[in-house]
Structures are given as structure tokens and as C-alpha cells.
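Please keep the sequence and the structure in view while reading.

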Amino acid sequence: MRYTKTITAAAVAATAALALAGCSGSSGGSDGSKKTVTMWIYPVIADEAKHKGFWDETVKAFEAEHKDITVKYEIYPWANRDESLSTAIAAGKGPDLVYLIPDQLSTYQKSIEPMDSYLPSAQKKDILDNVAESVTIDGKLMAAPILTSANALMCDAKAFEAAGVTDYPKTWDDLEKLAPTFKEKGIYVTQYFGSPDVTLNMTFYPVLWQAGGSVYNKDGSKVAFDSTAGTKALSLISDFAAKGYIEKDLISTMPALEQTALATNNVACTWQSGPSDVTSFWGEDAIKILPPLTDEKQVSYGTVGSLAMLKGAKDKEAAGEFAAFATDAENSKKFDLASNFFSPLKSTGELYADDPIQSAIEKTIPTSKVGELQPSARAVMGVLAPEIQAALLGTKTPEQALKDAAAAAQPLIK
Amino acid sequence: MTTTPTQPRPPAVGGRPDGDRRDGRPPGLTKRVLARREARIALLFVLPAFLLFLAFRFGPAIAGVGLSFFDYDISGELDWEGLKNFERMLADPTFWQAFGVTLAYSVLAVPISLALSVAMALGVRRAFRGSRFFRSVFFLPVITSLVLAGAIFKWIFSTDGPWSAIMAPLGLGGSWLNSTVLVIPALVIVGVWSRFGYGMLIVIAALQDVPREHEEAALMDGAGAWNRFRYIVLPRLKPTLFFLAVIETTASFQVFDLVYVMTQGGPAHASYSLVYMLYDQGFKYTDYGYAAAIGVALFVMTLVVALIQRRVIGRQK
């Protein structure tokens, strides 16, 4: 037996609308009353005052052009954002617009109003092809992209100097060869955050993709990480753990960054942290940005930040107009420069030509991948991450860990 | 012979010249009627709390049980699943792993917490110089933020932390949070540290009811400290210990915040508790029906253990 709350809600809404129409003959908005758009955003611009300044200015400019629309935004913390959003949606208290990344788009897809009919055609055509692909599900543009990011390989020049190493790694083989030299100097060749609350998009998946593997098979009906490529990827990391080439405490806990070896120039290279994390510890001069490591493929994780409209939006037209305005070329560019991210649009061109660090990262965007767009993506991470921990702690072989994870993950694919 | 002038007779007991009775009861009102009226007034006072309980505790709990029979999507779709969520749960190795972790944590944490509460209460029950200071210090962890404490304990239990240095001579050095065997004892240490002060306070209050003369008489008869505790103090503490055992068991079955702050269920699910699993399923994977089924299992588990405790500890009361 199937119950559909939405049908009941629609019936109630229709009845209420008819009753209102019968009583007054007009509804909110069309009689000149102001429409309100609500938006939830997160600290994409780390400096809160700067972030508020951006949205205050953008909202003011929008409201000046749209006298009948008021925009209210709230900046929520990153922590537990899915918990608060899913609870709000379930309670019918969600915002009209919300900042989401691609794997969230697939998780919330049933609650999202596709953006196709709200963005002008020229703006849609301006979106970079790989970006458009990452926010498209079942042929529908689920959100309006506002930024892109890429996790390039970042190395610490001071650590290289301390170890007397001059050649930076390009491949896994290079990294493996360098590891003992760094270890002799008390430096970890890389780091691995094994705590289950760190997304595998940032940690294991780039290694899996570089080995030529994937999380799902092509049609998404089965998990595929328990492959030869998967075993090769996990063997590399667990071998590093066994030989003491990575910081062991990070396998299970996530301490504050200042309590890790990364903050004390004792990690040579990482793909799991970025310049904004380490600048205050390393200084800008020590940051060396390199293309992603290569094995079978050269690929890294990068994400796309976008504004999505929820189906519960009270005035979809007004919400769509604001989403289009906030993510157009001019506002995207301002937002990306303020947040140190990159543009999802063709027309904005290169944003950081004069900044050597940002410019180097910007060049790696074509090789970045946004992760798995499957509704079960996060649940699969939930069963895979503990098995990866088991392999890194040596309680399971990489093959066994991936096999067990695959068995636990398969029932999660609906 | 003098005669005593006739004095007006005092009114009958309970009566007054104005017609009211001395106990303030209007004439004709029986104790039963009065009790009923007082009960009604008391009910009025209780009503707001009762309504709040219904709305925010009982209602959601019943809704949670209902939800366990459905597949609920945040978009609003409800699909009838019958017992499928429970069947899936019973066949899910992760559930049994979480069940084992929760049980192991409780089996260690509850007795240690009770024993420590009683020991500390006995230590500070009598007033001595500094007893108030010690009581406050022992109670301090109860009001300390677990998030803050968890962050500090993460460092204490890390490879380079003091705990590793202390335990190294016993061959138990290294990060306990990185060990699939030692992670539960590490969480138990923090859990007991954060809760024993509450138990201690309750036991101190109960100890006030133990007649000092009984202990003194036993002392005169040559009873040692252990025998005085065993035969005089402990029997009088039984109702308190039963209460504490239920409270501590319920709290340990619901262990979440410690796991969330310190291990996120790791390493390799070695500290993945039932409530953490419920949280993951409900809030991370939005599988509310399955999460509700885990909640129902947790409720049944807590109820069964509370009934057993009642039978074992509360038998004589």
C-alpha cells in the first residue's frame, strides 16, 4: 500500500487555495504584496563579515531591480548541515534556496525543483560542460552552479628542503620511492584522514580513480570498488600505514589541524588539505601546488557549489529569479574571488592569473571529478570508511576489507 | 458555695461560631470530597507538564514506533513496509556489531560508574576539612561540556599523549583510539569520568538515611569497615543503587556524544554504538524508517534490562 503525503498536502493546498480565491479573489504577490525568498548558505567565504558583506550587497542589488521581492538569507555552519537540512525539509520548514554540492543533489533530488526553466538560456549555455554535467540528474539541471573547486596535490617546500629532496612526485611510484627518505627525517610522505566523518571524496576516492577504479559500475546498479584497481589503491595507503609513512593517529581521529604533523611541516605532500588550511602554518612561500598524482589516470576530487531550489519554495518564480541573479557571471566572479574558489562559467575566464598558488590550482580543474552522483553515495561511504580503517590498522587485508564493504554496501543501492 | 458562672460551651471540635470548622473545612464536606478537590487542583498544576510530556516525549515516541513500519522519504513519501525494516535490521551485521559495542560499553561502564559513585560518596560523606572542595571537584565533570572534554581526551589517548606514556610499561602504549580492542575501555574511562559525580551526589543523599548509631554499634561489636558497609550501609542503599543502575544503564545504552566527539564509531566500527547507527541511518542517509526500527530495538533492549535489574537488585524492596 502506498501513501503519498504530497497528494494529501496538494489536496489540502488546493482546497485552501480555492477557499482563499472564493473569499478574496486574489493571492499573495499578485495584489502587489511583497514576495519573500529564503536562502540557506554556509561559510563558503571563511571570513564571516566578508561573507555577510557579499550577500548583503547582492541582495540589495537584486531587491533594487525587483521591488516586489525580499530576500532573507542565513549563514549556517558547515557542521551537521545535512542533519539540519533534512530535518527542516521533512518538517516543511526548509528554505526556498539552499547551497548544495553534487552528492547532496543526488541525496535530496526528490525534494529539489529543477532549475532548467528558471535560468536564462544564455546563462545555462555559459556553464562549463563538466560543471553542467555534475549538477545534472536524469537530464535535468538540478541547481545553478556558483563555484568550482579542485583538490590538487599540495607539497610543503620546507619539508622537501629538510629531507634534501628536490624532485616533486608526479606518480604513485615517485611517492613510494620518496617515502623512506622522508621517514628518515621524521617526515610523513603524505597524510590520510581515516575518520568516517571525512568524506571519501577527499581521501580514498581520488586514489581509487587514479588506479582506474570507480565506486559504482556504469549504470550505478552495483558497487565496483572491490576490483583489482580498488585493491591496488587501498594496498598503497595501507602499505604506507604499515610502514609508518603516514600519521597513524589520523586513521581513527580527526584532531584540530594544529595538532597534526601537517601544521609542523612534517608532511611532504597531501591531496586532502588545501592552501587555506596550511598558509598560517607553512607560509605562502612553502606551498607548492602540483597536478594530481598519476597511476592509470591523472584525476583529483573537485566540487561544484550551487544554489538549489527546494520543491517546497513558496514562490518558485521569485526564488528562481534570485538564483539566476546570484549565479550570473558578474556575481559568480565576485563570489569566487572572495571565497578563493573558481568560476563554473566560461565567460568569466581565468580568475587568478596573478596569483601563483590559485592559478596553479585553477589549471587542475579539468582533471577534477565531483564524485559519485548516486542517491546511495553517502550511505556507501558509511560502510566503506570503517573497512578502509580496518585495512589501515592491519586487522583486514585490503581485498577482504573491500569485499566486506561491497557486501554491506550492495543492499543500500535502491 | 459559689457557683461557677455558666460559660458558653466551647464549640464542638472542628466547629467555629462563623459556621466554619477549625480545620478550614466547610461543614458537610467529608475528607473524601476534599481529597478529590485537592486532587483536581493538583492535576491542574501537573497538566501543563503532562501536556508537554505528551507532545514532546510520548507523541514522538509513538510516532517513532509507527515510522519503523514505513519507508519515509524527506520529500514526504511514505511507503508501508510492514516488518521489513526489522527483518533488515536482524540480518544486518552492522546492527549486531553496534549491539555488541553498546552491550560491551554498558557492561563495563555501569558497574564501574556505580562502584566509583559509592566509593567516592563514602569518601566524602563525613564533613572534614576540604570535603566540600572534593565534592565539587568530583561533580565538576558532570557539568563540563563533553565536546570540550572529548577534544582533550582525544589528545590524552593519542600516540603522543600522556595515557600512552603511562600505559607503555604495561605494554598498552600507543593510541587507544586507534585500537579496535582498547577503544571501548578508552570511551568507558571518559564516560565514567563524566558521570560518576552525579551518582556520588545521589549516594551521599542516601547515606544521610543510614543511622549512625547502627554503624557505631557494629563498630563497638568489632565489625570491620567492610562488614559495616556490607551489612549495614549497603542494604539501605539498595533502592538508590537500583535507581542509579537503571539511570546509568539507560544512559550507557544511549551512548552517542562521546562516540561522536572522539571516534565517530571507529576504528573499523569498533565503537559504533546503536544510537550512533541510528543517527547515521536517520540523519546522514535519511533512512528514517530503518533508523526508527533501530530506536524500537533500543527501547526494547532498555526495557528488558531495566526489568531484569528490578528483579535482581530491587527484589528485596
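Two strands are said to pair if DSSP finds at least two bridges between them. In this model, which is predicted, strand 9 of chain A, residues 153–156, is joined to strand 10 of chain A by two bridges, and these strands run antiparallel. Within strand 10 of chain A, the residue that stands opposite Met154(A) is Thr270(A).

Another antiparallel pair in chain A is formed by strand 8 and strand 13 (residues 304–310), which are connected over five bridges. Here Ala143(A) has Ala308(A), in strand 13 of chain A, as its bridge partner. Why can strand 8 of chain A, residues 143–148, be called largely enclosed by the rest of the structure? Six of its six residues are buried, so the rest of the structure largely encloses strand 8 of chain A. A residue counts as buried here if 20 or more other C-beta atoms lie within 10 Å of its own.

Chain A is also divided into two domains, with the bounds listed below.

| Domain of chain A | Residues |
|---|---|
| Domain 1 | 33–150 + 303–369 |
| Domain 2 | 153–301 + 376–412 |

The C-alpha centres of domain 1 and domain 2 of chain A lie 29 Å apart, and 13 residues of domain 1 of chain A are in contact with 14 residues of domain 2 of chain A. On the side of domain 1 of chain A that touches domain 2 of chain A, helix 4 (102–107), helix 14 (356–362) and strand 14 (368–369) of chain A each supply at least two residues. That side of domain 1 of chain A has five nonpolar, six polar and two charged residues.

Finally, 34 residues of chain A are in contact with 30 residues of chain B. Of the elements on the side of chain A that touches chain B, helix 15 of chain A gives the most, with six residues. The residues of this side of chain A divide into 13 nonpolar, twelve polar and nine charged.

Notes
Residues numbered from 1 in each chain as written. Chains lettered and ligands numbered in written order. Predicted model: local features only at pLDDT ≥ 70, side-chain atom pairs only at ≥ 80, totals over all residues. Contact = placed C-beta atoms within 7 Å. Helix = DSSP H or I, 4+ residues; strand = E, 2+ residues; numbered from the N terminus. Nonpolar A, V, L, I, M, F, W, Y, C, P; charged D, E, K, R; others polar. Buried ≥ 20, exposed ≤ 12 C-beta atoms within 10 Å, placed from the backbone. Domains from an automatic or database assignment.
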